[in-house]
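Thanks for asking me to look at this one with you. Here are my notes, in the order I would read them.

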Amino acid sequence: MLKELCQKMFGRSLWVYHANSGGCNGCDIEVLNALTPYYDAERFGIRLVGSPRHADVMLCQGPGMRATARALRAAYEAMPAPKLVFAIGSCACGGGMWFDSYSVLGPVEKVVPVNYYILGCPPRPEAIIYGVAVALGLMEKKAAPVEFKQTELPIPRYHPEDLRRQGDLVIYEKAEKV
Ligand code: SF4
């Protein structure tokens with residue numbers, strides 16, 4: 001449903017506003033890299049604009065922060081409808097490694113509504129362009145779904161002195177459960 005709407009509304013041209021609410025600049029560099037002539041995101045009609053008033057899409061980097069939440073929300077509200085928000089990077093998607101820090105509210109969705117999530121720390125420019133293009137229906141999804149396995153706790157801790165070689169195999173004699 002959202003994909004069809006995106007195709008209709010944004011299929012030919014997409015003006016993006018780049019907002020950093022408090023990331024480390026790693027994601028910013030990759031977003032700006034994606035917009036350089038090397039990766040040439042303009043071939044999909046994706047263009048960077050300097051004001052949220054001209055933007056169809058907001059690319060958010062960094063977690064939701066107490067210090068910047070109001071400014072980010074104001075930028076979002078300044079965008080004309082229809083509008084989309086992409087959370088770029090682990091910080092924007094889930095709060096990153098600072099998710100429970102005193103100055104962090106959590107993922108950026110706590111400040112603005114997020115439509116799409118592009119993971120990575122930072123995501124590569126190819127991943128950003130691919131994520132935006134797939135979300136907007138400009139290309140088909142090629143990646144196969146991945147099945148995640150729950151980590152089993154406690155995690156065994158191995159010590160080098162317990163290592164024993166058996167032919168081509170390396171065997172740990174004992175694993176301490178921590
Ligand atoms: S996801 Fe990684 S690279 Fe991006 S802002 Fe957070 S820490 Fe920096």
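1. A residue counts as near a molecule when its C-beta atom, placed from the backbone, lies within 6 Å of it. By that rule, the ligand is surrounded by Gly23, Cys24, Gly26, Cys27, Gln61, Gly62, Gly89, Ser90, Cys91, Gly96, Cys121 and Pro122. Please keep in mind that this is a predicted model, where local features need pLDDT of at least 70, side-chain atom pairs count only at pLDDT 80 or more, and totals for chains, interfaces and linings use all residues. Numbering starts from 1 along each chain as its sequence is written.

2. What classes make up the shell around the ligand? It has 5 nonpolar, 7 polar and no charged residues, with Cys and Pro counted as nonpolar and Gly as polar. Both α2 and α4 supply at least two residues of this shell (helices are DSSP runs of H or I, at least four residues; strands are runs of E, at least two).

3. Now to α2, whose buried residues are Cys27, Glu30, Val31 and Ala34 (buried: 20 or more other C-beta atoms within 10 Å of a residue's own). These buried residues fall within an arc of 100° seen down the helix axis, so they line one face of α2 (the arc is that of the directions from the axis to the C-beta atoms). They pack against β1, β3, β5 and α5.

4. Finally, isoleucine 88: beyond its neighbours within four places in sequence, its contacts include Cys27, Val31, Leu59 and Gln61 (contact: C-beta atoms, placed from the backbone, within 7 Å).

Notes
Two residues are in contact if their C-beta atoms, placed from the backbone, lie within 7 Å. A residue is buried if 20 or more other C-beta atoms lie within 10 Å of its own, exposed if 12 or fewer, and partly exposed in between; C-beta atoms are placed from the backbone.
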